Amino acid sequence: KTAQAPAPGSAENLAQILATADGGFVLFGDSTSFPGRRAWLVKLTAYGSVAWEKAYATPDALPVHSACGASDGGYLVAGGYNYSLWLMKTDSLGSVEWQRSIPNTCAHGEYGYHVYPAADSGYFVIGYTEPAEDYDVWVIKVSDTGNVIWHIAYALTYWESGACGQPTPGGGCVIAGLSDPAGQGKNQLLVFEVDALGAVLWQKTYSTASFTDCEVESIWRTVG
């Protein structure tokens with residue numbers, strides 16, 4: 001099945017798909033089918049039929065990067081462009097409950113790309129910040145209503161960026177990204193865990209001859 005764009009010649013970008021409690025799915029992305037680029041949510045039934053779709057105006061027509069489910073059955077959507085981070089919370093039917101624009105705190109800006117529900121409450125936003133000529137992992141903890149609880153830039157090596165994460169049972173998060181310890185353009189995998197207040201519990205980098213220049217897309221918790 002395809003979800004048809006409302007206007008000919010328009011473009012859709014799919015950022016994420018999530019399964020819903022009713023056996024269906026919800027698609028998150030952005031579309032130029034509407035006046036300007038807008039965030040776009042499409043709810044599908046278990047058999048792929050469109051139950052509803054909604055479009056949302058975003059600051060500076062920014063693209064959607066990530067989304068996650070909320071404990072109340074709604075969704076949190078994150079987007080960003082031109083050094084700005086935007087969060088939107090909807091209910092299970094796609095109605096907006098709140099929106100937040102989080103301003104940058106350094107000269108070159110911050111970029112938030114992935115959101116995850118925290119085990120205790122609230123959400124983690126993971127990305128990177130560019131304080132000078134290098135990059136640091138940037139992690140934000142926000143409350144259930146989108147207020148910033150804390151945000152920390154982690155300068156663990158010479159150059160690093162956060163790409164994805166997984167919440168931990170104690171309210172913290174394991175974060176995976178890239179690192180270039182020597183500043184020579186050869187990426188390594190970087191993994192570290194923070195507690196509920198953002199303190200680093202451990203960190204490791206992984207490099208082998210088979211992936212001296214690599215990318216990381218996701219990290220999952222294993223069982224056993």
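User: What makes the residues in the largest nonpolar core a core, and which of them touch the most other members?

Analyst: A nonpolar core is a set of buried Ala, Val, Leu, Ile, Met, Phe, Trp, Tyr and Cys residues joined through side-chain atoms within 4.5 Å. The largest such set here has 18 residues, and Val137, Val139, Tyr154, Ile175 and Phe192 touch the most other members. This is a predicted model, in which local features need pLDDT of at least 70 and side-chain atom pairs count only at pLDDT 80 or more, while totals for chains, interfaces and linings use all residues. Residues are numbered from 1 along each chain as its sequence is written, and side-chain values use heavy atoms, with hydrogens and water left out.

User: Which elements give two or more residues to this core?

Analyst: They are strand 10 (123-129), strand 11 (136-142), strand 12 (148-154), strand 13 (160-167), strand 14 (173-179) and strand 15 (188-194). Strands (E, at least two residues) are DSSP runs, numbered from the N terminus. There is also a second, separate core of 14 residues, which includes Leu76, Ala78, Val115 and Val125.

User: What does Val139 touch?

Analyst: Contact means heavy atoms within 4.5 Å. Leaving out residues up to four places away in sequence, Val139 touches Phe124, Val125, Trp150, His151, Ile152, Tyr154 and Ile175.

User: Why is Ala78 called buried?

Analyst: Buried means under 20% relative accessible area, exposed over 50%, and partly exposed in between (1.4 Å probe, protein chains only). Ala78 has a relative accessible area of 0%, so the residue is buried. Ala78 is found in strand 6 and touches Val64, His65, Ser66, Trp86, Leu87 and Val115, not counting residues up to four places away in sequence. Ala78 and Tyr113 are 35 residues apart in sequence, but their C-alpha atoms are 7.0 Å apart.

User: Why does Gly73 count as partly exposed?

Analyst: The relative accessibility of Gly73 is 35%, so the residue counts as partly exposed. Gly73 lies in the loop between strand 5 (64-69) and strand 6 (75-81).

User: How do you know that Cys164 is in no disulfide?

Analyst: A disulfide is a pair of cysteine sulfur atoms within 2.5 Å. The nearest cysteine sulfur to that of Cys164 belongs to Cys173 and is 9.2 Å away, so Cys164 is in no disulfide by the cut-off. Likewise, the nearest cysteine sulfur for Cys173 is that of Cys164, 9.2 Å away, and Cys173 is in no disulfide. A search of the whole structure finds zero disulfides. Cys164 is buried at 0% relative accessible area, and Cys173 is buried at 0%.

User: What makes Asp22 and Lys43 a salt bridge?

Analyst: A salt bridge is a side-chain nitrogen of Lys or Arg within 4 Å of a carboxyl oxygen of Asp or Glu. The closest N and O atoms of Asp22 and Lys43 are 3.1 Å apart, so the pair meets the cut-off. Asp22 is in the loop between strand 1 (12-19) and strand 2 (25-31), and Lys43 is in strand 3 (residues 38-44), 21 residues apart. Asp22 is exposed at 56%, whereas Lys43 is buried at 6%.

User: How many salt bridges are found in the whole structure, and which residues are linked in a network?

Analyst: The search finds four salt bridges. Asp72, Lys89 and Glu97 are linked in a network. Lys89 meets Asp72 at 3.0 Å, N to O, and Glu97 at 2.7 Å. Lys89 lies in strand 7 (residues 84-90) and Asp72 in the loop between strand 5 and strand 6, so their bridge ties together parts 17 residues apart in sequence. Lys89 is buried at 2%, while Glu97 is partly exposed at 44%.

User: Why are strand 14 and strand 15 said to pair?

Analyst: Two strands pair if DSSP finds at least two bridges between them. Seven bridges join strand 14 to strand 15, so the pair qualifies, and the two run antiparallel. Ile175 stands opposite Phe192 in strand 15. Strand 14 is mostly covered, with seven of its seven residues buried.

Methods
Helix = DSSP H or I, 4+ residues; strand = E, 2+ residues; numbered from the N terminus.
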